[in-house]
Amino acid sequence: MTTRNPGGPLNGQRPSTLLVLAAAALGAAFAALSALTTPSAVRAQAVPGSRPPAAVQGDQAQVIDRPERHELVLEVGPTDLPAHSGPWQVTQIPVQSGTFPFDATIHAYRVEIVDGRGRPVPHAVLHHTNLFEPDARTLFSPIMRRILAAGSETPAVRVPGWLFGIPVRKGSPFLFMTMLYNPTGTDYHGVRVRLVLAYTRSRIFPLWKVEPFSMDVEYPFGEKGDGSMAFDLPPGRTVKTWEARPEAGGRIIGMSGHLHPHAVELKLEDMTAGKVLFDVKPVTKPDGTIDHVPVKAFYGWTGLGKRIYANHLYRVTGIYQNPTGDTIYHHAMASVAGAVILDGGWHLLPADTTNPVYRKDAAFIKEGPLKGTIGQEMEGEEGGSR
Ligand SMILES: [Cu+2]
């Protein structure tokens with residue numbers, strides 16, 4: 001959503017930025033985790049296979065365990081992707097559901113995309129993918145739990161499985177959403193998307209089970225209430241904030257965020273204690289666009305993590321400086337994301353499915369990847385951490 005290019009492959013239409021945000025933010029959460037350890041991110045690769053195409057155009061994701069590789073594969077599709085198609089020109093795969101087959105923690109994930117003959121498809125066709133857990137909520141908002149997310153630019157993310165992991169539980173449901181398009185000049189048929197989760201099943205490891213979190217200045221649904229997290233930038237300075245109390249206390253072990261061009265600062269404060277927990281300026285490229293938002297890992301002599309308390313109020317702030325004389329519409333986003341060790345050990349934060357905020361979020365998710373409003377295209381989406 002950073003560039004205005006109505007003639008681009010996405011035809012000037014903007015998918016739900018709520019979900020785009022989730023992809024960026026959860027990538028940031030994993031990036032924060034990996035910053036605590038030796039980063040060993042490797043480029044996501046499609047693994048060639050020779051599965052015949054099967055008709056699975058229902059609403060169930062296939063769940064395939066690869067026990068020898070400690071990988072759980074969630075697969076959706078097939079669909080066809082004609083060359084030079086925006087999201088509105090391809091047949092999107094509806095949101096698919098499934099259940100986790102066993103208790104595990106996830107410490108790495110990647111996306112594989114293959115065509116009907118099992119050949120790899122370029123990751124350029126993936127706009128974003130999200131994994132939700134309907135029975136649970138997020139730490140700072142009663143919306144549905146976001147387990148992880150990825151976009152085409154997301155490298156495979158990996159942290160040591162003995163050290164950290166995000167728990168999933170046997171029998172708990174998930175929703176898997178994928179948005180595809182095809183900016184390339186090649187037609188792809190029978191395309192399937194696989195979210196490959198590297199898991200640990202151990203009574204001892206990982207040492208820390210963590211919960212991802214994010215806070216956006218436009219939470220929960222944006223100023224127009226349509227799920228769009230993008231806001232307008234009038235000339236000069238714009239400051240946006242959102243405040244919430246977390247559902248549980250804990251220790252934040254790492255953080256990053258997501259910003260667009262003209263952003264100057266992003267911070268998270270404990271308003272109750274009057275403390276700044278995170279305060280960064282984006283790293284920009286020579287042309288002024290965002291290269292990345294710094295990743296901060298919190299550990300040192302005083303121990304692991306920065307404390308957050310359930311009875312404290314937290315504020316996320318995004319600051320922009322628009323140097324042009326004109327308002328830039330639907331331009332800006334600002335969110336922080338990270339990973340928390342919950343007090344008392346990891347526990348599910350149960351969803352209150354009667355909460356109106358939960359219900360509205362769930363309705364947006366079930367509408368599928370094209371939910372959202374007409375706006376700018378998001379080819380220039382950037383600024384998340386890698
Ligand atoms: Cu964005």
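A nonpolar surface patch is built from residues with over 30% relative accessible area and no salt bridge, with nonpolar side chains (Val, Leu, Ile, Met, Phe, Trp, Tyr) joined within 5 Å. In this structure W162, I204, F205 and L207 make such a patch, of about 420 Å². This is a predicted model, in which local features need pLDDT of at least 70 and side-chain atom pairs count only at pLDDT 80 or more, while totals for chains, interfaces and linings use all residues. Residues are numbered from 1 along each chain as its sequence is written, and side-chain values use heavy atoms, with hydrogens and water left out.

**The patch and exposed spots**

- Accessible areas come from the Shrake-Rupley method with a 1.4 Å probe, and for residues only the protein chains shown count as cover. A salt bridge here is a side-chain nitrogen of Lys or Arg within 4 Å of a carboxyl oxygen of Asp or Glu.
- L207, one of the patch residues, sits in the loop between β10 (188–200) and β11 (208–209). Helices (H or I, at least four residues) and strands (E, at least two) are DSSP runs, numbered from the N terminus.
- L207 has a relative accessible area of 44%, so it is partly exposed. Buried means under 20%, exposed over 50%, and partly exposed in between (1.4 Å probe, protein chains only).
- P356 belongs to helix α2 (residues 356–367) and is exposed, at 62% relative accessible area.
- The C-alpha atoms of P356 and I143 are 9.3 Å apart, although 213 residues separate the two along the chain.

**A four-stranded sheet**

- Four strands form an open sheet in the order β14-β24-β16-β17, with antiparallel pairing; two strands pair if DSSP finds at least two bridges between them.
- β14 (236–244) and β17 (275–280) are the edge strands, and because each has a single partner strand, one side of each has no neighbour in the sheet.
- From one strand to the next, the twist averages 15 degrees. For such angles, axes are lines fitted to C-alpha atoms (for helices over the stretch in contact), and values run from 0 to 180 degrees between N-to-C directions.
- β16 (residues 263–270) pairs with β17 in the antiparallel sense over 5 bridges, and D270 has K275 in β17 as its bridge partner.

**The β5–β6 hairpin**

- β5 and β6 make a hairpin with 6 residues between them.
- The antiparallel strands β5 (residues 126–137) and β6 are joined by 7 bridges, and H128 faces G151 in β6.
- In β6 (residues 144–151), 8 of the 8 residues are buried, so the strand is largely enclosed by the rest of the structure.

**Loops and backbone details**

- Q92 lies in the loop between β2 (71–81) and β3 (96–99) and is buried, with 13% relative accessible area.
- A polar atom of the Q92 side chain lies 2.7 Å from the backbone oxygen of L180.
- H84 is also in the loop between β2 and β3; its phi is near 55 degrees, a positive value in a residue other than glycine, and H84 is exposed at 59% relative accessible area.
- H262, in the loop between β15 (250–259) and β16, likewise has a positive phi, near 80 degrees, and counts as partly exposed at 27%.
- G77 and P78 are joined by a cis peptide bond with omega of about 5 degrees, and P78 lies in strand β2.
- The bond from Y219 to P220 is cis too, with omega near -10 degrees; P220 is in the loop between β12 (211–216) and β13 (231–233).

Methods: Patch = residues over 30% accessible without salt bridge, like charges linked within 9 Å, V, L, I, M, F, W, Y side chains within 5 Å. Polar contact = N/O pair within 3.5 Å; in protein donor to acceptor, adjacent residues only side chain to side chain.
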